[in-house]
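I hope they are handy while you have the structure open.

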Amino acid sequence: MAISIIILCLILSSFFSGMEIAFISSNKIYLEIEKKQDNFNSHILNRLTEKPSRFIATMLIGNMITMVIYGYFMGELAMQWINSFGYLFSDWVHLLLQTLIATILVLITAEFLPKVFFQIYSNTLFKFFAIPAYIFYLLFYFVSVFIMSISDFVLRKFFKTKGDSTPLFFSKIELGNYITEQMNALEDLEKVDSEIQIFQNALDFSGVKARDIMTPRTEIFAVEMQDSVSDLKAMFVQTGYSKILVMQNDLDDIVGYVHSFELFKKPTTISSVLISVEYVPETIFIKEVLDLLIKKRKSIAVVLDEHGGTAGIITIEDIIEELFGEIEDEHDLDEELVEKEIEPGVFLFSTRLDVEYLNQTYKLSIPESDSYGTLGGFIVDFTKEIPQKGAQIQIAPFHFIIEEATSKKIELVKMTIQD
């Protein structure tokens with residue numbers, strides 16, 4: 001009988017402790033959506049979350065009652081177990097052993113394990129155990145109301161603050177976590193809804209820096225200030241771009257850009273139709289770049305490295321694409337980045353692919369750093385040089401073979417994951 005009561009108390013204590021941590025850890029977006037389902041369980045969830053502190057108080061009261069009953073029966077059982085060894089201990093040793101046995105058992109079975117388990121699966125378990133939790137909520141209702149009234153009185157009287165009147169708000173982090181969970185739950189062949197993808201992009205938008213989306217220096221086309229207008233026209237025809245950068249001597253001194261519409265004015269020199277650019281550091285957030293370009297009524301900013309040289313350029317279109325995805329027009333080059341799994345553990349990748357994207361898509365563990373964002377940047381950061389075609393690079397646990405490269409950058413690599 002005593003063992004049965006002890007086991008029941010441990011189960012109930014696990015339940016109360018778990019539901020307490022599940023309520024605190026659960027995603028509030030998930031709970032709000034479940035509460036809008038208009039079924040029996042949704043009504044239960046509404047009642048449980050109506051007064052957060054009252055629910056927590058109910059779980060604490062239930063846990064306290066079960067622990068008192070557990071302590072009474074466990075003390076007698078532990079005493080019998082200790083006496084069965086036939087040793088003659090003093091009273092204080094008996095008390096110490098009883099306390100140690102009872103405490104270790106309850107910490108493992110009713111505190112640590114359930115709290116870890118309920119925290120990991122907080123959303124599912126809080127919904128699953130909502131009905132039994134509501135039964136105890138009703139059972140201890142008047143006790144919790146009495147305790148909460150005393151608590152509210154003390155808060156108002158001595159601390160000049162209100163009691164539990166705060167509604168269940170959710171944070172941006174919880175919103176992002178919920179959307180991420182929903183996207184991860186999709187099957188590989190399912191297409192993510194465009195609105196959900198835009199929502200996800202918007203949540204990540206504030207953390208993206210200029211260097212993450214800029215067009216790198218090696219892909220910049222520019223004319224010199226001293227070039228003729230015919231040279232400028234030829235560059236527009238060659239690239240198909242609507243804007244061409246203008247530099248003084250080299251790319252580290254970009255002074256502005258020219259819009260193709262300006263050619264209709266039949267300029268005699270490039271300087272007469274030159275539009276100045278804005279300069280931003282690599283580490284600036286793109287939301288700040290967007291604010292700057294809108295305020296200055298410009299469409300291009302030059303991204304500077306730590307030494308003041310040109311690292312790349314960023315346009316308003318680049319920033320908008322970060323939110324809404326690729327925006328292609330009839331002049332965009334149809335460039336397809338290579339990403340192919342040749343065999344298990346062997347891949348063929350374009351080095352312009354983002355490290356974060358590769359890690360998420362192919363479950364890789366390529367180190368991520370603020371020093372680089374692409375696979376090519378990762379390799380160059382390790383080698384401190386531009387590897388040439390045929391070079392083999394070992395960055396444990398990865399083995400790279402450079403398949404295509406120029407004197408300025410790596411284009412294509414074969415990556416093998418070694419055991």
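1. Helix α2 (residues 28-35) is largely enclosed by the rest of the structure, because six of its eight residues are buried. Those six are Lys28, Ile29, Tyr30, Leu31, Glu34 and Lys35. Buried here means under 20% relative accessible area, exposed means over 50%, and partly exposed lies in between (1.4 Å probe, protein chains only). Helices (H or I, at least four residues) and strands (E, at least two) are DSSP runs numbered from the N terminus.

2. A word on provenance: this is a predicted model, where local features need pLDDT of at least 70 and side-chain atom pairs count only at pLDDT 80 or more, while totals for chains, interfaces and linings use all residues. Residues are numbered from 1 along each chain as its sequence is written, and side-chain values use heavy atoms, with hydrogens and water left out.

3. For the overall picture, the protein chain has 16 helices and 13 strands. Of its 419 residues, 38% are buried. Taking contacts (heavy atoms within 4.5 Å) between residues at least 6 apart in sequence, 54% join residues at least 24 apart.

4. Now for the largest nonpolar core, which has 23 residues. A nonpolar core is a set of buried Ala, Val, Leu, Ile, Met, Phe, Trp, Tyr and Cys residues joined through side-chain atoms within 4.5 Å. Phe15, Phe16, Met19, Leu48, Phe55, Phe126 and Ala133 touch the most other members. At least two residues of this core come from each of α1 (2-25), α2, α3, α4, α6 (122-128) and α7. Apart from it lies another core, of 20 residues, including Phe349, Leu375, Ile379 and Val413.

5. How do α1 and α7 pack? Their axes are 11 Å apart, at an angle of about 100°; axes are lines fitted to C-alpha atoms, for helices over the stretch in contact, and angles run from 0 to 180 degrees between N-to-C directions. The two helices are therefore roughly perpendicular, the class for 65 to 115 degrees; under 35 counts as roughly parallel, over 145 as roughly antiparallel and the rest as oblique. Leu12, Phe15, Phe16 and Met19 of α1 meet Pro132, Ala133 and Phe136 of α7. That contact has seven nonpolar, no polar and no charged residues. By this scheme Ala, Val, Leu, Ile, Met, Phe, Trp, Tyr, Cys and Pro are nonpolar, Asp, Glu, Lys and Arg charged, and the others, Gly among them, polar.

6. Helix α3 (residues 40-50) also meets α7 (residues 130-139): their axes come within 10 Å and cross at roughly 45°, which makes α3 oblique to α7. The contact involves Phe40, Asn41, Ile44, Leu45, Arg47 and Leu48 from α3, with Ala130, Ile131, Ala133, Tyr134 and Tyr137 from α7. Its residues divide into nine nonpolar, one polar and one charged.

7. Some backbone spots to look at. The peptide bond from alanine 396 to proline 397 is cis, with omega near 5°, and proline 397 sits in the loop between β11 (392-395) and β12 (398-405). Arginine 297 has a positive phi, near 60°, in a residue other than glycine; arginine 297 is exposed, at 76% relative accessible area. Lysine 384, also not a glycine, has a positive phi of about 65° and is found in the loop between α16 (375-383) and β11.
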